[in-house]
Amino acid sequence: VCSMGNSTSRLYSALAKTLSSSAVSQHQDCLEQLDSARLDPIDPKDLLEECQIVLQKRPPRFQRNFVDLKKNAASNHRPIRVMQWNILAQALGEGKDNFVQCPMEALKWEERKCLILEEILAYKPDILCLQEVDHYFDTFEPLLSRLGYQCTFFPKPWSPCLDVEQNNGPDGCALFFLKDRFELINSANIRLTAMKLKTNQVAIAQTLKCHETGRMFCIAVTHLKARTGWERFRSAQGCDLLQNLKSITQGAKIPLIICGDFNAEPTEEVYREFSNSSLNLNSAYKLLSPDGQSEPPYTTWKIRPSGECRHTLDYIWYSQHALNVNSALGLLTEEQIGPNRLPSFNYPSDHLSLVCDFSFNPDPDRLL
């Protein structure tokens with residue numbers, strides 16, 4: 001079970017021989033055995049090629065373009081590319097989410113994982129924030145660690161994936177950063193509270209130091225409670241996360257980026273809490289709108305038995321006094337998404353990935 005092959009056999013060393021056991025404890029035991037002798041690095045180009053071989057019978061991936069958002073602010077360092085994505089837990093996609101227009105064939109994990117990896121490899125993020133990860137130990141940690149990422153996973157205490165037969169363990173949030181670009185200073189796994197009660201939602205917050213600039217910043221990933229009727233609950237979770245982040249960033253002295261599926265439209269209270277926080281946050285994807293004040297019309301679009309669901313739920317928040325958004329990846333158009341919506345043979349998740357390039361403001365205190 002633990003064998004992943006060696007670097008001499010490209011396709012099957014990387015993709016086909018990732019861990020196959022579904023028990024999380026077995027994954028962890030296996031990974032501990034592998035830790036002392038880390039597997040050979042993978043060339044991302046080789047892995048992308050391997051994914052494309054697996055996907056050769058599927059339609060080609062959609063083209064999305066970056067929108068330049070620089071405001072004449074020249075940066076003397078490489079931008080930091082951050083990717084936010086709810087990748088759709090495999091157990092939920094196959095067992096609970098009822099995407100009535102999506103053929104089950106399109107959800108096969110052996111191919112869908114390659115679509116997910118292809119999207120990640122295409123945009124080459126320095127930092128990757130994922131939600132609904134239920135294949136961390138058998139896919140994402142083994143592969144992304146070999147691509148040079150440091151990997152962290154925090155599962156939900158009572159994951160709905162566990163209710164699905166033949167599940168692959170609990171889903172949760174995962175955070176990955178390139179070790180050659182950043183040093184980990186501090187890491188916190190946060191179980192969010194609401195009304196003083198521990199909840200089933202989690203967050204990861206890590207303080208990183210950029211090797212190139214010496215600047216520190218905090219990156220956080222979260223996934224708030226879903227469904228209509230839970231607005232006050234999400235608001236309480238958001239307040240708890242903000243309180244934790246205020247402490248971690250010493251009240252905004254350390255710049256902050258928060259990625260997440262908030263399960264909340266911009267009209268919700270939790271959105272206003274983040275907008276009005278003393279951490280001086282802005283939502284990066286607002287900058288794509290003509291006036292810089294409006295969120296995209298959708299970040300998720302699916303059809304369930306109850307009808308069509310088109311919502312803006314996913315965000316990348318950032319410290320607007322300390323960071324500049326250089327560019328943001330445009331969303332898929334309605335035409336690209338198609339009448340059957342997401343997920344599909346073309347796209348592996350019901351949520352769109354968000355990708356932004358950030359640079360440090362040379363004089364952050366002036367704007368506080």
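# Chatting through the predicted model

Modeller: Residues 24 or more positions apart account for 77% of the contacts in the protein with a separation of 6 or more, a contact being heavy atoms within 4.5 Å. This is a predicted model, with residues numbered from 1 along each chain as its sequence is written. Local features need pLDDT of at least 70, side-chain atom pairs count only at pLDDT 80 or more, totals for chains, interfaces and linings use all residues, and side-chain values use heavy atoms, with hydrogens and water left out.

Colleague: OK, and what does the pLDDT average to?

Modeller: The protein averages 89, and 88% of the residues score at least 70. pLDDT is the predictor's confidence in each residue, from 0 to 100.

Colleague: Where does pLDDT stay under 50?

Modeller: Over residues 19–26, for which the model has 20 contacts beyond four places in sequence. Residues 29–33 are also below 50, and that stretch has 6 contacts beyond near neighbours in sequence.

Colleague: How many helices and strands are there?

Modeller: The protein has 9 helices and 15 strands. These are DSSP runs numbered from the N terminus: helices are H or I with at least four residues, strands are E with at least two.

Colleague: And how much of the protein counts as buried?

Modeller: Of the 368 residues, 58% do. Buried means under 20% relative accessible area, exposed over 50%, and partly exposed in between, using a 1.4 Å probe and protein chains only.

Colleague: Which residues have the most contacts inside the largest nonpolar core?

Modeller: Ile127, Phe140, Phe176, Ile219, Ile257, Ile316 and Phe358, in a core of 72 residues. Helix H5 (residues 109–123) gives the most to this core, with 8 residues. Another core lies apart from it and has 25 residues, among them Leu192, Leu241, Leu245 and Ala264. A nonpolar core here is a set of buried Ala, Val, Leu, Ile, Met, Phe, Trp, Tyr and Cys residues joined through side-chain atoms within 4.5 Å.

Colleague: How far does H7 reach?

Modeller: H7 covers residues 231–248, 18 residues, and reaches 26 Å from its first C-alpha to its last, close to the 26 Å expected at 1.5 Å a residue. The expected span is 1.5 Å times one less than the number of residues. H7 is followed by Gln250, which has a positive phi near 55 degrees.

Colleague: Switching topic: how many disulfides does the count come to?

Modeller: The count is 0, where a disulfide is a pair of cysteine sulfur atoms within 2.5 Å. The closest cysteine sulfur to that of Cys51 is in Cys114, and at 4.3 Å it is too far for a bond. Cys51 is buried, at 0% relative accessibility. Cys151 is buried too, with a relative accessible area of 18%.

Colleague: Last one: what does Phe62 touch?

Modeller: Leu332, Gln336, Asn346 and Tyr347, not counting residues up to four places away in sequence. Phe62 is in the loop between helix H3 (44–54) and strand S1 (66–68), and is buried at 15% relative accessible area. Phe62 and Ile337 are 275 residues apart in sequence but 8.9 Å apart in space, C-alpha to C-alpha.
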